[in-house]
Amino acid sequence: MEKREKFLESRDNTKRESEYWGNDDFNDIDDDYYKAYEKRYQQVYKHNYLWSSKEPTPDVIETILKEKISSNAKILELGCGEGRDAIFLLNKNYDVLAVDYSNTVIEKCKELSNYNYNYNDKFKQFDIINDTLNDKFDFIYSIAVIHMFVNKEHRNKFYNFIYSHLNKNGIALIVSMGDGIKEYKSDVTKSFDDVERVVVNNDEKINIATTSCNIVNWNTFEQELLNNDLVVKRKWISEKIPEFNPAMCVVVCRKE
Ligand SMILES: C[S@@+](CC[C@H](N)C(=O)[O-])C[C@H]1O[C@@H](n2cnc3c(N)ncnc32)[C@H](O)[C@@H]1O
């Protein structure tokens, strides 16, 4: 609670907490550590920078081609960030809904896609941990999001969300930072603390929220998937996602 109070002290008191975090339900900082990305995006945009590159993830495109995902397929991106993959696919006429917890980054996605797409139709503020959608999807992908969930319950909720939102023959691509061998967990009480980081697009150093990180090895990753009735069809290590190298990639489907 101490870290949260420190941050709340530094904010503009004329604003309600929900205006900062996009959510009224902000009771315990340890449970809400994954919301620190909202703070990070606000800090980055004050400098008028972008946080990510605009390059789409090669592994998403390769999976779409390899698994023959058609432009009629219903696609969901979980944790889209600045939309580098969703905007690329939307511009190629794929039917994508991209969601992210951060309202600030969803607004940025609208701007970066030149307001070409209906806000709630294509980009949506949404919490994978606490919200559900009425739709099911043929292809779900999520790049560099699962490694942000440190709490075991949150990790299981993430996998369960995928399971319950996949169509019967649907598949999902999940990408997690890690080399498949080493394991590492960040201290979630420090997620909102500022740290100096280099902006990938311009090499400038700025202070931003630390956020969270839980790198697992292949053994843990596959066991978690199995526990949540997700069957691994293919797995590989990708060196092609510059900001998240190396990354463990899995294509999964629902257990029959
Ligand atoms: C490391 S970034 C990756 C962004 C993007 N996929 C990319 O590859 O550039 C992780 C993203 O997950 C989002 N996120 C974290 N927790 C979330 C949650 N519970 N629901 C939805 N999005 C979440 C963050 O806001 C952030 O944009």
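## Around the ligand

The ligand is surrounded by 20 residues, and Tyr 37, Gly 79, Gly 81, Tyr 101 and Ile 128 are the closest; a residue counts as near a molecule if its C-beta atom, placed from the backbone, lies within 6 Å of it. By type, this shell holds 13 nonpolar, four polar and three charged residues. Here Ala, Val, Leu, Ile, Met, Phe, Trp, Tyr, Cys and Pro count as nonpolar, Asp, Glu, Lys and Arg as charged, and the others, Gly among them, as polar.

Keep in mind that this is a predicted model: local features need pLDDT of at least 70, side-chain atom pairs count only at pLDDT 80 or more, and totals for chains, interfaces and linings use all residues. Residue numbers start from 1 along each chain as its sequence is written.

## The chain as a whole

The protein chain has nine helices and eleven strands. These are DSSP runs, numbered from the N terminus: helices are H or I with at least four residues, and strands are E with at least two. Of its 256 residues, 38% count as buried, meaning that 20 or more other C-beta atoms lie within 10 Å of the residue's own, with C-beta atoms placed from the backbone.

## The nonpolar core

Which residues touch the most other members of the largest nonpolar core? They are Ala 98, Ile 140, Ala 172, Leu 173 and Val 252, out of 64 residues. Strand β5 (residues 166-177) gives the largest share of this core, seven residues. Such a core is a set of buried Ala, Val, Leu, Ile, Met, Phe, Trp, Tyr and Cys residues joined through C-beta atoms within 7 Å.

Beyond its neighbours within four places in sequence, Val 252 is in contact with residues including Ile 171, Ala 172, Leu 225 and Val 232; contact means C-beta atoms, placed from the backbone, within 7 Å.

## Helix α6 and its partners

Helix α6 (residues 103-112) has Asn 103, Thr 104, Val 105, Ile 106, Lys 108 and Cys 109 buried. The buried residues of α6 pack against α3 (36-46), α5 (84-91), β2 (95-100) and β3 (123-125). After α6 comes Asn 114, with a positive phi near 55 degrees.

Glu 38, Tyr 41, Gln 42 and Tyr 45 in α3 meet Thr 104, Val 105 and Lys 108 in α6. The residues of this contact divide into three nonpolar, two polar and two charged.

## A look at Phe 161

Phe 161 sits in helix α8 (residues 152-165). Phe 161 counts as buried because it has 22 C-beta neighbours inside 10 Å. Its C-alpha atom is separated by 7.6 Å from that of Thr 132, 29 residues apart along the chain.

Methods:
A residue is buried if 20 or more other C-beta atoms lie within 10 Å of its own, exposed if 12 or fewer, and partly exposed in between; C-beta atoms are placed from the backbone. Two residues are in contact if their C-beta atoms, placed from the backbone, lie within 7 Å.
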